[in-house]
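Thanks, everyone, for making the time this morning. I would like to talk through one model with you, beginning with a single residue and then widening the view to the chain as a whole.

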Amino acid sequence: MTHTTPPVLVGCSHGTDSVAGRAAIRSILDAIRRQRPDLDVREAFVDVQQPEVPDVVAGAVERDGSTAVVVPLLLSVGFHVRVDIAESVEGHPAVAAAPLGPDPRLVDLLADRLAEAGLRDDDAVVLAAAGSTDPAAAVAVEAVGSGLAERLGRGVHIGYGAGTTPRVPEAVAAARATGAPRVVVAAYLLAPGFFHDRVLEAGGDVVSAPLAPDDRLAAIALDRYAAACARLEAPAAR
């Protein structure tokens with residue numbers, strides 16, 4: 001079946017009870033709509049909020065007769081990408097895109113958030129990520145951490161909120177043990193909510209704001225969408 005309209009872009013995030021967190025994630029979708037007004041952009045979640053991603057995909061492909069690309073509004077791979085989102089597209093004319101990270105633009109964003117937080121030359125830096133039991137997630141975070149260290153010209157300690165170690169308080173303690181006058185934590189998180197609250201409690205002297213809102217996140221999401229569209233169209237091209 002040939003579709004003359006682009007696939008529906010389903011922006012799928014984790015979901016949160018935080019009002020500010022919901023607004024931050026919605027800002028990414030709003031920016032996608034501004035940058036690509038030709039696209040049908042729909043919101044979905046894997047937890048906490050409705051509608052759930054399988055229902056949104058089914059609505060796009062079964063009710064509306066479209067194809068769909070699910071773009072994870074998540075910073076790395078993990079259970080939600082490999083299982084929840086992957087299962088949502090099975091058996092449908094739909095594909096799942098890669099998550100937002102790693103990406104050099106995320107390093108730029110982290111550096112900007114640290115500058116906004118007042119990072120000093122003699123500060124120790126901790127990169128705080130949500131964490132996952134999936135080893136590939138840690139590899140992705142480490143890639144971003146390496147990029148940030150290169151960008152800042154100093155070492156970057158990495159800590160996780162869950163799923164793997166070291167946890168953020170341990171990373172903060174290790175950074176403080178270097179003798180730096182302050183420990184500044186770069187929140188590698190899209191939005192306020194549960195994990196950002198835990199980072200604020202982890203013992204750092206300064207914690208940067210989450211990454212959203214920022215139009216660069218929408219640009220990354222659209223790049224992931226475009227790459228997935230190519231995969232979606234590949235069988236018809238053969």
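Let me start with Cys12, which counts as buried because its relative accessibility is 0%, and let me say at once that we are looking at a predicted model. Cys229 is buried too, with a relative accessible area of 9%. For Cys12, the nearest cysteine sulfur is that of Cys229, and it is 16 Å away, whereas a disulfide would need the two sulfur atoms within 2.5 Å.

From there I would move to Asp30, which sits in helix H1, the helix that covers residues 19-35. Asp30 counts as partly exposed, at 33% relative accessibility, and its side chain is joined to that of Arg33 by a polar contact of 3.2 Å. Between Asp30 and Val41, which lie 11 residues apart along the chain, the C-alpha separation is 8.8 Å.

Now for the chain as a whole, which has eight helices and eight strands. Its radius of gyration is 18 Å, close to the 18 Å that the globule rule gives for 238 residues, so the chain is as compact as a globular protein of that length. Along its principal axes, the C-alpha trace spans about 65 × 30 × 30 Å.

Of the 238 residues, 50% count as buried, and among contacts with a separation of 6 or more, 74% come from residues 24 or more positions apart. Finally, the chain exposes about 10600 Å², of which carbon and sulfur atoms supply 53%.

Conventions
Residues numbered from 1 in each chain as written. Predicted model: local features only at pLDDT ≥ 70, side-chain atom pairs only at ≥ 80, totals over all residues. Heavy atoms only, no water. Buried < 20%, exposed > 50% of the residue type's maximum accessible area, 1.4 Å probe, protein only. Helix = DSSP H or I, 4+ residues; strand = E, 2+ residues; numbered from the N terminus. Polar contact = N/O pair within 3.5 Å; in protein donor to acceptor, adjacent residues only side chain to side chain. Rg over C-alpha atoms; globule rule 2.2 N^0.38 Å. Contact = heavy atoms within 4.5 Å. Areas by Shrake-Rupley, 256 points an atom, 1.4 Å probe, with all protein chains shown as cover.
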